[in-house]
Amino acid sequence: MAPRILVVDDEPMVRALIARALTDVGYEVISVADGRAALEAARGAQGGFDLIITNNYMPGLTGPELIARVRQDFPSLPILHINDSSRKRAAQSLPEDVPTVYKPFSVATLREAVKGLLESANGGS
């Protein structure tokens, strides 16, 4: 069964790019436009998700706020954080196990980060 990934980004083009990059290599992707929708999707999903990919700046709940709430409900669920490279120097208050990929990123970089998180979650190296 293909890993299920929840993609959260308020920019339709970015959301579509991420979803396409991941479905093309066999992942099942559900996309939502903001943090509140993501939290509802994560809590209501039958079978759950194997990974969440979240943008940093969104209406409703920001990426860090979403991550904090998801961690309360799903402490071991892998999360990949996406941020703009122009904001690299901004202080991040993210858990240690939540890596950040900076925009602009390549499809290969995104896929590698996803693969690495899923393998770590499944006890791989």
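Which residues does Val-32 touch, not counting residues up to four places away in sequence? They are Leu-6, Val-7, Val-8, Asp-9, Arg-15, Ala-37 and Ala-38, a contact being heavy atoms within 4.5 Å. The legends below take up this residue after an overview. The model is predicted: local features need pLDDT of at least 70, side-chain atom pairs count only at pLDDT 80 or more, and totals for chains, interfaces and linings use all residues. Residues are numbered from 1 along each chain as its sequence is written, and side-chain values use heavy atoms, with hydrogens and water left out.

**Figure 1. Overview of the protein.** The chain forms four helices and five strands, in the order β-α-β-α-β-α-β-β-α along the sequence. Its radius of gyration is 13 Å, close to the 14 Å of the globule rule for 125 residues, so the protein is as compact as a globular protein of that length. Helices (H or I, at least four residues) and strands (E, at least two) are DSSP runs numbered from the N terminus; the radius is taken over C-alpha atoms, and the rule is 2.2 Å times the number of residues to the power 0.38. Along the principal axes, the C-alpha atoms fill a box of roughly 35 × 30 × 30 Å. Buried residues make up 40% of the 125, where buried means under 20% relative accessible area, exposed over 50%, and partly exposed in between (1.4 Å probe, protein chains only). Of the contacts with a separation of 6 or more, 65% are between residues 24 or more positions apart.

**Figure 2. Val-32 in strand β2.** Val-32 belongs to β2, which covers residues 28–32. With a relative accessibility of 14%, Val-32 counts as buried. Among the residues that it touches is Asp-9; Val-32 and Asp-9 are 23 residues apart in sequence, with their C-alpha atoms 6.7 Å apart in space.

**Figure 3. The buried face of helix α3.** Helix α3 spans residues 63–73, and Gly-63, Leu-66, Ile-67, Val-70 and Arg-71 are buried within it. Seen down the helix axis, these buried residues fall within an arc of 135°, so they line one face of α3; the arc is that of the directions from the axis to the C-beta atoms. An α-helix has 3.6 residues a turn, so residues three or four places apart point the same way. The cover over the buried residues of α3 includes β1 (4–8), α2 (35–44), β3 (51–55) and β4 (79–84).

**Figure 4. Ile-79 in strand β4.** Ile-79 is part of β4 and counts as buried at 1% relative accessibility. Leaving aside residues up to four places away in sequence, Ile-79 touches Leu-51, Ile-52, Thr-54, Ile-67, Val-70, Arg-71, Asp-97, Val-98, Pro-99 and Leu-117. Ile-79 and Pro-99 are 20 residues apart along the chain, and 7.6 Å separates their C-alpha atoms.

**Figure 5. The cis peptide bond at Pro-104.** Lys-103 and Pro-104 are joined by a cis peptide bond, with omega about -5°. Pro-104 is placed in the loop between β5 (100–103) and α4 (107–121).

**Figure 6. Arg-20 in helix α1.** Arg-20 sits in α1, which runs over residues 12–23. Arg-20 counts as exposed, at 56% relative accessibility. Although Arg-20 and Val-107 are 87 residues apart in sequence, their C-alpha atoms are 9.5 Å apart in space.
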